[in-house]
Amino acid sequence: MSAPGISLNGRYRLEGRPLFDVALDLPGGQWSCLLGPSGVGKSTLLRLILGLATGGTFDGTIRASDDAPLSDRVSYMAQSDLLLPWLSLTENVVLGARLRGESPDMARAERLIERVGLGAHRDKTPGALSGGMRQRAALARTLMEDRPVVLLDEPFSALDAGTRADMQELSAELLAGRTVLLVTHDPAEASRLGALILVMSRAGTQVWPGPPAAPIRAVHDPATLACQAALLDHLRKAAA
Ligand SMILES: Nc1ncnc2c1ncn2[C@@H]1O[C@H](COP(=O)(O)OP(=O)(O)OP(=O)(O)O)[C@@H](O)[C@H]1O
């Protein structure tokens, strides 16, 4: 599976006023992590790549490095889990295949459900799951799609610290070689996962110097901890 790079260039306007300018090259086959204050336009950027409606207008270009259309090569995990309340966890995980009229690989779905730690809950409906469990179900559904480009909007935000580290490691393993854009508010997460770390502000998007080791980085790696602290300082100053 070849995972293209993605370049974005242009200006996004909301209600006629510029919200952000973007000039970005996301490397193919690697993780890019995007941070920035609430409301700056991170989720909007993901929706632009997906070709979904945003409520504003984008003047510019979004293209894959191989110049082929992106729309059928992307899987997306939104901030809200978007699980269908009347379906079991397993049926939610295989929903994409069902909607396309394909017969899902049930064995793969079961393996993914086990890997996200929900094997004992596979027959439950979303209403019987905690927020963190629902988020892991949505992660399993996204991983099930097996696409070369994966857009993740705060995918680990509802998880306890230990489970979050586990799910970061699982996602890094299963999405190795894909082009991943992860939106996060967590400097530690960006420092562990990002081959490219990006900080978005109204003035533009800045490349943040990441730790020298390749991701995924160990939680105790000194350069990763230093990057996390410097990023947090920067984000706090920017918000002040
Ligand atoms: N469908 C929409 N119609 C109109 N405005 C919208 C729509 N969706 C988002 N917005 C506005 O666009 C701006 C950017 O929103 P967006 O969700 O992209 O920010 P964000 O950086 O992802 O924020 P957060 O970190 O809080 O998730 C905000 O001012 C928001 O109110």
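Here is a short tour, starting with the ground rules.

This is a predicted model, in which local features need pLDDT of at least 70 and side-chain atom pairs count only at pLDDT 80 or more, while totals for chains, interfaces and linings use all residues. Residues are numbered from 1 along each chain as its sequence is written.

The protein has eight helices and nine strands, counted as DSSP runs from the N terminus (helices are H or I, at least four residues; strands are E, at least two). Its radius of gyration is 18 Å, close to the 18 Å from the globule rule for 240 residues, so the protein is as compact as a globular protein of that length. That radius is taken over C-alpha atoms, and the rule is 2.2 Å times the number of residues to the power 0.38.

Now look at the ligand. Among the residues surrounding it are Leu-14, Gly-41, Lys-42 and Thr-54, where near means a C-beta atom, placed from the backbone, within 6 Å. Helix 1 (residues 42-50) gives the most to this shell, with three residues.

Next comes the core. Which residues touch the most other members of the largest nonpolar core? They are Cys-33, Val-93, Ala-140 and Leu-182, out of 51 residues. Such a core joins buried Ala, Val, Leu, Ile, Met, Phe, Trp, Tyr and Cys residues through C-beta atoms within 7 Å, and buried means 20 or more other C-beta atoms within 10 Å of a residue's own, with C-beta atoms placed from the backbone. Of the 240 residues of the protein, 37% count as buried.

Note on methods. Buried ≥ 20, exposed ≤ 12 C-beta atoms within 10 Å, placed from the backbone.
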